[in-house]
Amino acid sequence: MALAIVAVTAGILAALEYFQIGTMRSAVMMGYREQAGWSDWSARYIKLNGTEKRTLRQKEDVATLHIGAQTEEGTLAVTVKDASGEVIFSEKEMGTDDFYIDVPEKATVQVKGANHRGSFIARYEEEPPAPPLEAAGLIFLYGEEHSSILDLDQEFAKWQTYYHKDRMRHLFVELPYYTAEFLNIWMKSPNNDILNTLYKDWSGTAIHTEQVRQFYQKIKRECPETIFHGTDIGHDYATTGARYLTYLQKNGLQESEAYQLTEEAIEQGKQYYTEMDEEFRTDTMVQNFIRTFDALEGANIMGIYGTIHFNSDVVNAEGGLSPNLVKQLKQHYGQAIHTEDLSLLSNDRDVIEMNTMEVAGKRYDAAYFGKVDLSASSAEFKYREFWRLEQAYEDFKDAEPTGKTIPYSSFPMPVEKGQVIVVDYVKADNSKIRQYYRASASDWYGEPHAEEIMVK
């Protein structure tokens, strides 16, 4: 009889292990309290030494597995395998953490404690939405290569998240005031006539592409309460600008703020296209941005601007360089502003070729990373080129800085401390402005920057 009981028990245990039912243990536990089901497993204890393993099944249509832990003492390692036995999650030292991973069908979860005091949980459940951003006057700016499909897709995904999750409504764009106002009227119209007319006005510019038109149509369709804010100078002042003035006049709004801002933007455009002064345009864009943003009284916003406004300082009337749009806004708003150049994220480059370059009377191996087009964003510059001087940091570690910096993330290749970068800005007449940057991991508004240095 006893032999039969032992045989049955052994058979049950073997069946449980074969069908992956129940919790398999090789552990010493103190004060252990467990809750275990078909799709969830959790435990709290005073001490866990050793290994436990359990297989969980997907709960209805929910294929997201929540892995969490609380650690008061010791260490806890967690490994998750999918239905094929492949390891898809491994954390050697869980702190007080929560992770959400996709594991269709079933997941085999193994925990290994070393004098661990605390708890763990493994459960199939939907990931809870992150709490929305509080309205605190936060600014999220994204750089783009105009009309890049990759950049437009990233921008729309980010705006969709801000719009639906964080209830953001204000989208700043590199357009004149009156163009953005036409877009706001179009957002409430039953057809695309206004957008199509604007699209004709953009003929000959970098945004006169079908993908840009589709970008705005997607926003109207999926984020219908979006409010556009244009902060650029008055491009297309003779067409879009004049037409918006007529619209305001027909509606008896000659004394309105909208009429005044439209006239100002038109005058800004006339001055820029007469003088082709990039410093004037940049400074005016900054002033327009500050006026518009401050009027929102603490709302969070997202903005989309050309990559040149993130990474290229502006040649001023004296032939020197003045801070670009993003630098000036960071100086004004400080920690409230967050920036990311999507054009560089979508084009993370490897070394194209190795050259040699003479700098300050010495020849260096130079890794070449290619060109970034600027013609779509600047009337003055065609493109810029990037090199990394090999084994050059010691020669330039004491070079005098100019005071200008560029974040590591703004280069089209990975940048690490101890590197020297050369950047050529090539003008429309093929003349060049060469700059040298030392990657010394200096911190500026929360991220490492390379500093421009003077090279004789």
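This is a predicted model: local features need pLDDT of at least 70, side-chain atom pairs count only at pLDDT 80 or more; totals for chains, interfaces and linings use all residues.
Mentor: Residues are numbered from 1 along each chain as its sequence is written, and side-chain values use heavy atoms, with hydrogens and water left out.

Trainee: In what order do the five strands of the open sheet lie?

Mentor: Strands of a sheet pair through backbone hydrogen bonds, either parallel or antiparallel. Here the order is E10-E9-E11-E8-E14, with parallel pairing; strands (E, at least two residues) and helices (H or I, at least four) are DSSP runs numbered from the N terminus, and two strands pair if DSSP finds at least two bridges between them. The edge strands, E10 (227-232) and E14 (337-341), each pair on one side only. Strand E8 (residues 139-144) is joined to E14 by five bridges, and Phe 140 stands opposite His 338 in E14.

Trainee: Which helix lies across E8, E9, E11 and E14?

Mentor: That is helix H2 (residues 149-165), which runs at about 165° to E8, where contact means heavy atoms within 4.5 Å and angles run from 0 to 180 degrees between N-to-C directions of axes fitted to C-alpha atoms, for helices over the stretch in contact. Helix H10 (residues 325-333) lies across E8, E11 and E14, at about 160° to E14.

Trainee: How many residues lie between E4 and E5 in their hairpin?

Mentor: Five residues lie between them, and Gly 85 in the turn has a positive phi of about 90°. E4 (residues 64-81) and E5 (residues 87-91) pair in the antiparallel sense over four bridges, with Ser 90 in E5 as the bridge partner of Thr 79.
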